Amino acid sequence: MTASTPQTSRPAPGAARLVDLFEYGLDAPICLTWELTYACNLSCAHCLSSSGRRDPRELTTQEAKAVIDELEAMQVFYVNIGGGEPTVRADFWELLDYATAHHVGVKFSTNGVRITPEIARRLAGNDYVDVQISLDGATAEVNDAVRGPGSYDTALRAMRNLSDAGMTDFKLSVVCTRHNIPQMDEFKALADRYGAQLRLTRLRPSGRGADVWDELHPLPEQQRLLYDWLVAHGDTVLTGDSFFHLSAYGQALPGLNLCGAGRVVCLIDPVGDVYACPFAIHDEFLAGNIRRPGGFAEVWRESELFQNLREPQNGGACASCAFYDTCKGGCMAAKFFTGLPLDGPDPECVQGYGEQLLAGRSKDRGLIPKPSGDHSHRTSPARGPGPVDLVLTRRPDRDRPPVGDCDEHPLAGMSLPRGG
Amino acid sequence: MTAPHLDRAWDLHPQVSVRPEPFGALLYHFGTRKLTFLKDRVLLAVVQALAAAPTARAACAAAGVDDKDMPRYEKALAALHRSSMVVERNRLP
């Protein structure tokens with residue numbers, strides 16, 4: 001699942017910068033990410049929302065339509081629908097038609113599993129729908145290692161169906177990793193072959209992404225390659241504004257170059273919880289729930305969290321850096337889930353300040369915040385190059401097994417004198 | 001693409017959605033998927049008046065733009081035309 005802020009064109013002459021107006025937030029989001037379900041047919045290693053199994057509390061069709069009514073009233077231009085895999089919801093196509101009939105455009109992310117020739121024709125006939133096919137390798141080998149066996153073929157079949165149906169400019173959406181950054185030209189060729197537009201986004205340490213971030217996030221020299229590639233391709237490649245931390249290499253990349261969390265974007269999750277951004281599913285960034293009286297509009301307008309995010313950013317430890325104006329300290333979620341302070345450098349700071357902080361973190365990874373929910377399949381396939389040899393030992397700081405919530409032993413939690 | 005003359009009839013592109021904001025308005029084009037903004041309420045009034053006005057100049061007048069401000073609004077309309085937010089009426093691209 002990925003999110004984006006819209007591509008911006010040049011403002012009318014003489015105008016203030018759009019980004020300056022956005023820093024203080026808007027009465028309604030421009031677009032928002034809406035994850036319709038945690039259910040997914042895949043188990044991608046880096047899933048932002050730790051998806052897999054449906055949550056029994058997910059919004060009903062009627063509740064989802066009420067959200068759309070609210071978005072229409074607030075004049076939200078469009079929603080980025082994701083999940084999980086949104087198309088596995090039985091009412092997905094109904095909700096899609098309902099949204100576009102109510103003047104809320106829909107951009108949805110899919111692994112392609114339900115994009116049959118028939119569905120592709122239906123999508124091609126709706127001007128208010130845009131489709132993002134997720135693919136994280138230009139070859140099956142690189143893609144399937146992250147997204148699972150068969151997922152490359154599924155995505156390519158979906159792209160072929162969309163292309164055959166006459167749909168143009170749908171998106172080929174790629175999360176940039178250590179393994180696919182050398183494939184950028186191949187991705188571009190693949191997108192061109194199907195009349196699609198390439199969209200590159202940043203790997204974030206959110207959801208299951210936190211578990212694989214250390215081994216998948218781009219190496220420093222790859223970040224430079226990616227930046228140069230993005231500068232060379234300019235407006236022809238979309239980024240959902242997700243690489244603004246790379247702007248500190250030199251010229252700013254196209255886009256707002258602003259963290260839009262709670263200002264111009266947010267996330268509604270499958271159970272109606274509203275978070276500041278799709279990469280920050282954690283209580284710390286939870287603004288409210290749309291099921292409460294007042295609905296989404298009240299959360300957006302009144303939430304204390306969002307009010308705080310709408311203050312101009314404080315550079316903190318970055319304030320004295322010459323590049324702060326271009327990178328703005330990077331991504332809040334990336335800092336949070338790697339255990340770095342929010343008012344300091346991004347873990348992938350191109351000046352290397354993030355790496356220094358990462359190296360200085362406590363060895364105890366238990367101190368790093370964990371995402372609030374986990375809907376992963378309970379039987380996900382083994383990851384990585386092969387089995388990992390485990391030697392079971394006791395943690396040296398514990399003299400007894402940890403006490404669980406269901407432990408009813410009367411002496412649970414009591415520490416007894418040893419050898420007594 | 002040169003902008004049509006101000007004495008012709010203009011309109012918002014049919015795929016453009018306009019959202020008034022305290023500072024002016026946000027415009028989103030569902031065809032190009034581009035976002036832009038209007039920096040003041042008068043320009044918003046001009047854009048909203050285009051559809052019913054016989055010419056773009058008449059729309060400006062209806063929104064209260066006086067002659068000395070006209071060049072500024074002509075420039076703004078031309079910029080909106082370049083990004084296909086507004087089009088010449090009856091000559092859709």
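This briefing describes the fold of chain A and chain B in a predicted model. Chain A has 420 residues, of which 49% count as buried, and its secondary structure comes to 14 helices and ten strands. Chain B has 93 residues, of which 35% count as buried, and contains three helices and five strands.

**The sheet of chain A**

- Nine strands of chain A form an open sheet with mixed pairing, in the order β7-β6-β5-β4-β3-β2-β8-β9-β10.
- The edges of this sheet are β7 (197–202) and β10 (286–289) of chain A, each of which pairs on one side only.
- Helix α3 (residues 92–101) of chain A packs on the sheet, where it touches β2, β3, β4 (105–110) and β5 (129–134) of chain A. The direction of α3 makes about 150 degrees with that of β4(A).
- Strands β2 (residues 31–37) and β3 (residues 78–83) of chain A run parallel and are joined by six bridges. Within this pair, T37(A) has G83(A) in β3(A) as its bridge partner.
- Strands of a sheet pair through backbone hydrogen bonds, either parallel or antiparallel.

**Strand β6 of chain A**

- Strand β6 (residues 171–176) of chain A is mostly covered, with six of its six residues buried.
- K171(A), S173(A) and V175(A) point one way from β6(A), while L172(A), V174(A) and C176(A) point the other way; all are buried.
- In a regular strand the side chains alternate between the two faces of the sheet.
- Three bridges connect β5(A) with β6(A), and the two strands run parallel. Here Q132(A) has K171(A) in β6(A) as its bridge partner.
- Six bridges connect β6(A) with β7(A), and these strands also run parallel. In that pairing, the partner of S173(A) in β7(A) is R199(A).

**Helix α7 of chain A**

- The buried residues of helix α7 (residues 184–193) of chain A are M184(A), F187(A), L190(A) and A191(A). They lie on the same side of α7(A) because they cover an arc of only 120 degrees around the axis.
- An α-helix has 3.6 residues a turn, so residues three or four places apart point the same way.
- The buried residues of α7(A) pack against β6, β7 and α9 (220–233) of chain A.
- On the face of α7(A) turned away from the buried side are the exposed residues D185(A) and A189(A).
- Just after α7(A), G195(A) adopts a positive phi of about 70 degrees.

**Helix α8 of chain A**

- In helix α8 (residues 209–216) of chain A, the buried residues are G209(A), A210(A), W213(A) and L216(A). Their arc around the axis is only 125 degrees, which puts them on the same side of α8(A).
- These buried residues of α8(A) pack against α13 (332–337) of chain A.
- The exposed residues D214(A) and E215(A) are carried by the face of α8(A) turned away from its buried side.

**Core and contacts of chain A**

- The largest nonpolar core has 137 residues, and V79(A), L172(A), Y275(A), A276(A), C277(A) and A280(A) touch the most other members.
- In soluble globular proteins, nonpolar side chains tend to be buried together.
- Leaving aside neighbours within four places in sequence, Y275(A) is in contact with C266(A), L267(A), D269(A), A280(A), I281(A), F285(A), L286(A) and A287(A).
- Among the contacts in chain A with a separation of 6 or more, 71% are between residues 24 or more positions apart.

**Chain B**

- From the N terminus on, the elements of chain B run β-β-β-β-α-α-α-β.
- The radius of gyration of chain B is 12 Å, which agrees with the value near 12 Å for a compact globule with 93 residues.
- Taken along the principal axes, the C-alpha atoms of chain B fill a box of roughly 35 × 30 × 20 Å.
- Residues 24 or more positions apart account for 47% of the contacts in chain B that have a separation of 6 or more.
- V87(B) lies in strand β5 (residues 86–88) of chain B. V87(B) counts as partly exposed because 19 other C-beta atoms lie within 10 Å, whereas a buried residue has 20 or more.
- V87(B) and Q15(B) are 72 residues apart along the chain, and their C-alpha atoms are separated by 11 Å.

Definitions and conventions:
Residues are numbered from 1 along each chain as its sequence is written. Chains are lettered from A and ligands numbered from 1 in the order in which they are written. This is a predicted model: local features need pLDDT of at least 70, side-chain atom pairs count only at pLDDT 80 or more; totals for chains, interfaces and linings use all residues. A residue is buried if 20 or more other C-beta atoms lie within 10 Å of its own, exposed if 12 or fewer, and partly exposed in between; C-beta atoms are placed from the backbone. Helices (H or I, at least four residues) and strands (E, at least two) are DSSP runs, numbered from the N terminus. The arc is that of the directions from the helix axis to the C-beta atoms. Two residues are in contact if their C-beta atoms, placed from the backbone, lie within 7 Å. Two strands pair if DSSP finds at least two bridges between them. Axes are lines fitted to C-alpha atoms, for helices over the stretch in contact, and angles run from 0 to 180 degrees between N-to-C directions. A nonpolar core is a set of buried Ala, Val, Leu, Ile, Met, Phe, Trp, Tyr and Cys residues joined through C-beta atoms within 7 Å. The radius of gyration is taken over C-alpha atoms; the globule rule is 2.2 Å times the number of residues to the power 0.38.
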